[in-house]
Amino acid sequence: MILHGSVLSKVLGTATGITVFTPDELCEKTNYKVVYLLHGLHGNNRTWVNNTMLTQFGGKYDAIFVMPEVGRSFYCDMKHGYNYKMYVGEELPEIVQNVFKISSKREDTAVMGCSMGGYGALKLALSKPGQYGFCGAISSACLFLNENLKGLRREGAAWAAQSPSNAALLRDMYAIFGDDLTDSDENDPVILAEECAKLKKKPYIYAACGKSDSLLDENRRYNHKVQELSLDYKFEEWEGGHDWMFFSDALKRALDVWQEVK
């Protein structure tokens, strides 16, 4: 079953799009697992359903897939914009719990995403380990956020002049992190991983990136960094680019790993 609609969010103060994919036959006696599936920079709430084989393989996991929409916010509480981190991490789970018959157990709750959504999934899982038992981070962007912000403060204007897409992304960064592009420890996956490693409850993290992906070096570097910490973390790479063929394959692998480690 695929449900498309909108949610009137009190946190955002406006309606926002949402897609939900459920098993075809919902059982009243079952508390389903839940996967919050996050879109990338150029996506929306329908992206995963429209561009992957989720509807073909997702039904076998006894899970409800919830796909919110957050624009180009990087799943942050924006300085000049909306509080999307609070919406996805706090308000949305309450709404889903009230509407669908899902388990409240952390081991039955996963957050996954690609590119910007992979970053968002990592950030949510690492900052809320008592809520998410599993994270699937696919071809994640902005893994060294504070380092990236420092570079933009120094060379942002020259970088933005290279292409319209760079200029648009720099505007996004100003909207999210403020006019001075202030470092944001609560949004930096490196710092969040270091803090999470100190806790008793930690999510299992599965990360993947294609060998032809422009983000591969950054993902490899993050893998080496996280391996130094006491986190349950698995990183895989195989042939593929920053595209939906790879994302679809990686999503299925992430779901299979989730099933194995539960």
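1. A residue is called buried here when its relative accessible area is under 20%, exposed when over 50%, and partly exposed in between, with a 1.4 Å probe and protein chains only. By that criterion, 55% of the 262 residues of the protein count as buried.

2. This is a predicted model, in which local features need pLDDT of at least 70 and side-chain atom pairs count only at pLDDT 80 or more, whereas totals for chains, interfaces and linings use all residues. Residues are numbered from 1 along each chain as its sequence is written, and side-chain values use heavy atoms, with hydrogens and water left out.

3. The radius of gyration, taken over C-alpha atoms, is 17 Å, which agrees with the value near 18 Å that a compact globule of 262 residues would have. Along the principal axes, the C-alpha atoms fill a box of roughly 55 × 40 × 35 Å.

4. The protein has nine helices and eight strands, these being DSSP runs numbered from the N terminus (helices H or I, at least four residues; strands E, at least two). Of the contacts (heavy atoms within 4.5 Å) between residues at least 6 apart in sequence, 74% join residues at least 24 apart.

5. The axes of helix 3 (residues 84-99) and helix 4 (residues 116-127) come within 11 Å and cross at roughly 60 degrees. That angle makes helix 3 oblique to helix 4, oblique being what remains after under 35 degrees (roughly parallel), over 145 (roughly antiparallel) and 65 to 115 (roughly perpendicular).

6. At this pair, Lys-85, Val-88 and Gly-89 of helix 3 meet Lys-123, Leu-124 and Ser-127 of helix 4.

Technical notes: Axes are lines fitted to C-alpha atoms, for helices over the stretch in contact, and angles run from 0 to 180 degrees between N-to-C directions. The radius of gyration is taken over C-alpha atoms; the globule rule is 2.2 Å times the number of residues to the power 0.38.
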